[in-house]
Structures are given as C-alpha cells and as structure tokens.
Amino acid sequence: MKKYVSVVTAVLFSLWLGGCVPTDVHKPYYKAGTQQNIWGGYDSENVEMSDIEENLTETETLITENMPDERVSRIAFPLNEYSTLARTGKGTIKGKIYLTSNYTGTRVLGSGTRLYLNPMTSYSDQWYEVSYIGGKKMEKADARLFNYLRFTAAESDGSFAFYGVPSGRYYLIGTVQCGEECGYSTTKSIRLATKVEVYGNQITVKDLTRRVD
C-alpha cells in the first residue's frame, strides 16, 4: 500500500511541476507563409537596431534630463522601393573601421564591432540626413527594414568584409567605443556612417572612419 501511495505521489508531483513550465519560451517568430526568421523575433540574430535609429555620438553629452525626448517621425516605409532590390549578389565590400583621436593622435580600432549595410532608399536617406548628419532622434524603424540589412563583425584589427553583396548603393554603418584615448572621462559610443557602392563582382575597399576632437 505504501509503495502504491509513493508512486501516485510521484506522478502527481511530476504533473504539477510540468504544469509550471511555460510552453512558449523563446519560440522563433516566422513571417507567415515562409521559413524566414524575422530579425527582432525571439530567436533573431540579436541585431541592435540603435545603429540606424539614433545618433549616439559625443553630441549626446549636450542632452540634459530636462529636455523633452522628441523624436522625428519617419516617412512611410516605401515597400515599392525595397521590393525592387536584389537579394543576392557577387560583390564584396571591405575595409577597416576606426577612429583617429585628435586628443592623443592615436588610432582607435573598432575591434569586434558590428557593421551594417543599409540599402540607400528614401527611407534610409531620411535617417542619414536627419539623424546621422542632423543629430536628431527618430522614431523606431519599421520592422520590415530588418529584412534588407546585411551585417558583419570586425576583426580585432578593425578589418571587416561583406561578401555576396547585391549591386547597389548602401550606407555603411558601425560604432566604435572610445574613452580616455579620445579625451573622454567615460567610454562613449561613436557612430560612423558613410556611403558606399558595389556592382557585379566588384571588390570595393572603403574604410569607415572619422576624426574625433
């Protein structure tokens, strides 16, 4: 009898424990009708979209807590422009990402940083002019943009390469961390962006760099 009670108790405990475990933890989010994993889903590539959503340069030190967090509205996502973009290609874009510090005269490498290729469209043009050049914060990017970005990571010496790039024009975007080397008391994220293009099986060499006062 004692053995029977022990078995029943063990079964009930197992059922109770199983009922406490969520059944939908970290399920990937797929676009309807496809097997394409959407960036930003549970099992995405952990893409940090702040690179194309905000201008995180040293100018942010001028922003105070009392200033309103006003963000510029983005234009409507131009799906017609993106639908004409090629999804495969044979081009290569490579170079190095680094800062040149006027404070120390040294080169600060973007070791291990993530870089993006963002196709040039009216949507990305607005980001470049308003946020990167103008220094204004913008509303969150349309999730559909994620499907048209390409990314890679820099090596320890700051070198990077994108392979299989479709012909076209892009914004090359990345971030370099810099602290005392740039004369800052704390480490800051310095955003870099430039225009680059590649056609056919061309190899385009383009460094992503700027000088920091």
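Predicted model: local features only at pLDDT ≥ 70, side-chain atom pairs only at ≥ 80, totals over all residues.
Residues are numbered from 1 along each chain as its sequence is written, and side-chain values use heavy atoms, with hydrogens and water left out.

Q: What does T100 touch, leaving out residues up to four places away in sequence?
A: Contact means heavy atoms within 4.5 Å. On that test T100 touches T106, T209, R210, R211 and V212. T100 itself sits in strand β1.

Q: What makes a group of residues a nonpolar core?
A: The members have to be buried Ala, Val, Leu, Ile, Met, Phe, Trp, Tyr or Cys, joined through side-chain atoms within 4.5 Å. The largest such core here has 22 residues, and I93, I97, L99, L115, L117, F162 and L172 touch the most other members. A second, separate core of 17 residues includes F77, A141, L145 and Y171. As a general point, nonpolar side chains in soluble globular proteins tend to be buried together.

Q: How many helices and strands does the chain have?
A: Three helices and nine strands. Those are DSSP runs numbered from the N terminus: helices are H or I with at least four residues, strands are E with at least two.

Q: Which residues lie nearest the centre of the second largest pocket?
A: L85, A86, P119, P166 and Y170, out of 15 lining residues. β6 gives the most to that lining, with three residues.

Q: How do the lining residues of the second largest pocket divide?
A: Ala, Val, Leu, Ile, Met, Phe, Trp, Tyr, Cys and Pro count as nonpolar, Asp, Glu, Lys and Arg as charged, and the others, Gly among them, as polar. Sorted that way, the lining has nine nonpolar, three polar and three charged residues.

Q: Where does pLDDT stay under 50?
A: One such stretch is residues 2-48, and residues 54-67 stay under 50 too. pLDDT is the predictor's confidence in each residue, from 0 to 100. The chain averages 76, and 68% of the residues score at least 70.

Definitions and conventions
Buried < 20%, exposed > 50% of the residue type's maximum accessible area, 1.4 Å probe, protein only. 1 Å grid on protein atoms, 1.4 Å probe; cavity = no way out; pocket = protein on both sides within 12 Å on 5 of 7 lines; lining within 4 Å.
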